[in-house]
Amino acid sequence: MMKETWRFIDSGFCSPAYNMALDEALLNWHSEGAIPPTIRFYGWNPATLSIGYFQKVAKEINMDAVKKYGLGFVRRPTGGRGVLHDKELTYSVIVSEDYPEMPKTVTEAYRVISQGLLEGFKQLGLDTYFAIPKTQQEKDALKNPRSAVCFDAPSWYELVVEGRKVAGSAQTRQKGVILQHGSIILDLDEDQLFDLFMYPSERVRERLQKNFKNKAVAINELRTTPVSYEEAKEAFKKGFELGLNIQLEPYSLTEEEEDVVLAIAAGRYANDSWNYKK
């Protein structure tokens, strides 16, 4: 069977506003038929706290800590909870809902896309598998997460190594296009992460942080030799090609495309009215 060719964009380390604007622009361009399905890899400069579309800043986020650590701050166009983007490889997948291999339901589409992540982890020698919530209690936990921290909550087809979550992803569907983006954590400062959120009491924070250690893990905690950002890129590029049975063709944005992205960034993601709106 002939492999489909998808576009591959390695945009390097960008500002939080630019990162979210480029994902939005890719979704728009794909919906107009201007670009093929696309996979993008990126990092963050500065390290950034991104929050889900529906999160309430005043209630959930400790903005003093965000400022103290010199972090960027941005609201994603996708749902989910807060993610600290620091020592990680971030990916996004942009593909039509009508793509032949793409299931109609969010959950099943998430499984198909995450197959690329699964293969990427295997490239790094990690025995990774999909965890599926089985009990009613686990399914209910999906609907009512107790924590504002992304990696603290279970989800359908999340990727697990030795019982702990190794990647967090979020998805939105707009204009007939799926945008899924997520974090592949290389190293993580748990204390810093937990400083960024609000808690009813210090005891609650301690309990959540203790639970977190049992639920989530960074790649380099699982390996004797650390994985660099470059190695991770190579592994997951190959992983997506294998997992989705595609060929990835590198692409750089034109000047006109860059201008569109910068306009979206300035108009939305660099704006307090967007980032603090809930």
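A crossing of two helices is called left-handed if the near helix is turned anticlockwise from the far one by less than a right angle, and right-handed if clockwise. Helices (H or I, at least four residues) and strands (E, at least two) are DSSP runs, numbered from the N terminus. The model is predicted: local features need pLDDT of at least 70, side-chain atom pairs count only at pLDDT 80 or more, and totals for chains, interfaces and linings use all residues. Residues are numbered from 1 along each chain as its sequence is written, and side-chain values use heavy atoms, with hydrogens and water left out.

Two packed helices are described by the angle between their axes and the distance between the axes. Here, helix H4 (residues 106-123) packs against helix H8 (residues 229-244) at an angle of about 130°, and the axes are 7 Å apart. Axes are lines fitted to C-alpha atoms, for helices over the stretch in contact, and angles run from 0 to 180 degrees between N-to-C directions. H4 and H8 are therefore oblique to each other, since angles under 35 degrees count as roughly parallel, over 145 as roughly antiparallel, 65 to 115 as roughly perpendicular and the rest as oblique. The crossing of H4 past H8 is right-handed. Among the residues that meet there are Val112, Ile113 and Leu117 in H4 and Phe236, Phe240 and Leu242 in H8, contact being heavy atoms within 4.5 Å.

H4 also lies across strands E7 and E8, running at about 155° to E7. These strands belong to an open sheet of three strands in the order E7-E8-E9, with antiparallel pairing. The edge strands, E7 (128-131) and E9 (164-165), each pair on one side only. Two strands pair if DSSP finds at least two bridges between them; four bridges join E7 to E8 (residues 158-161). Tyr129 stands opposite Val160 in E8.

A further antiparallel pair consists of E10 (residues 167-174) and E11 (residues 177-185), joined over eight bridges. Gln174 stands opposite Val177 in E11. The hairpin of these strands has two residues between them, and Lys175 takes a positive phi near 55°.

The backbone oxygen of Tyr269 lies 3.0 Å from a polar atom of the Asn275 side chain.

Key
Polar contact = N/O pair within 3.5 Å; in protein donor to acceptor, adjacent residues only side chain to side chain.
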